Amino acid sequence: MYEPIRTKSVHSTMAGTTADFPHRSREEELDIQLAGHLAALLAVTDELRALAPGTELDTAADRLAEQVTRLRGGQAPVRVPVTAARPSARPAALHRRAHTLAGRALVVAASRADTAVAILTAERMDAHAAALEPRELASR
């Protein structure tokens with residue numbers, strides 16, 4: 001009924017062998033993903049530091065930067081200067097974004113079994129949730 005294929009597939013000849021492109025392990029992919037989530041959380045934390053400076057946010061930013069540097073093999077993350085905050089930024093929106101980013105990082109840290117990052121992100125989630133509680137109750 002059907003004629004058998006007599007030539008090689010175009011797809012197999014275009015792709016070549018599997019050695020033509022680099023492969024990463026699951027752990028390496030999770031490291032990259034986790035470092036990205038933590039770097040994004042660090043950027044939001046730096047924005048919050050510019051709007052409302054405090055030692056808690058300074059400490060959190062330093063701990064986040066330390067973990068990103070570790071995950072990236074010693075490459076330090078790019079930091080937002082404290083004076084570069086947008087004047088239109090709203091702290092409540094930044095806290096919500098930071099809470100979401102910390103949650104994403106927590107999921108990846110848990111799947112990667114990285115206890116230090118899991119504890120750090122859980123602490124950040126709690127801190128951002130606590131910062132939102134008075135504002136959320138006042139808006140009701």
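## Terms and basis of the model

Ala, Val, Leu, Ile, Met, Phe, Trp, Tyr, Cys and Pro count as nonpolar, Asp, Glu, Lys and Arg as charged, and the others, Gly among them, as polar. The model is predicted, so local features need pLDDT of at least 70 and side-chain atom pairs count only at pLDDT 80 or more, while totals for chains, interfaces and linings use all residues. Residues are numbered from 1 along each chain as its sequence is written, and side-chain values use heavy atoms, with hydrogens and water left out.

## The largest pocket

The largest pocket has a volume of about 170 Å³. A pocket is an open set of points, on a 1 Å grid over the protein atoms alone, where a 1.4 Å probe fits, with protein on both sides within 12 Å along at least five of seven lines; lining residues have an atom within 4 Å of a point. Grid points are joined across faces, edges and corners, and the volume is the space filled by probe spheres set on them. There are 13 lining residues, and A52, E56, L57, H95 and A131 are the closest to the centre.

By class, this lining has 7 nonpolar, 3 polar and 3 charged residues. At least two lining residues come from each of α2 (26-51), α3 (55-71), α4 (91-112) and α5 (115-138); helices are DSSP runs (H or I, at least four residues), numbered from the N terminus. The most is given by α5, with 5 residues.

## Helices α2 and α4

The axes of α2 and α4 come within 9 Å and cross at roughly 160°. Axes are lines fitted to C-alpha atoms over the stretch in contact, and angles run from 0 to 180 degrees between N-to-C directions. The two helices are therefore roughly antiparallel, a term for angles over 145 degrees. Their contact (heavy atoms within 4.5 Å) has 16 nonpolar, 4 polar and 6 charged residues.

## Helices α2 and α3

The axes of α2 and α3 also come within 9 Å, and cross at roughly 155°. This makes α2 roughly antiparallel to α3. Among the residues in contact are L34, L38 and L41 of α2 and L57, A61 and L64 of α3. By class, the contact has 13 nonpolar, 2 polar and 4 charged residues.

Methods
Angles under 35 degrees count as roughly parallel, over 145 as roughly antiparallel, 65 to 115 as roughly perpendicular and the rest as oblique.
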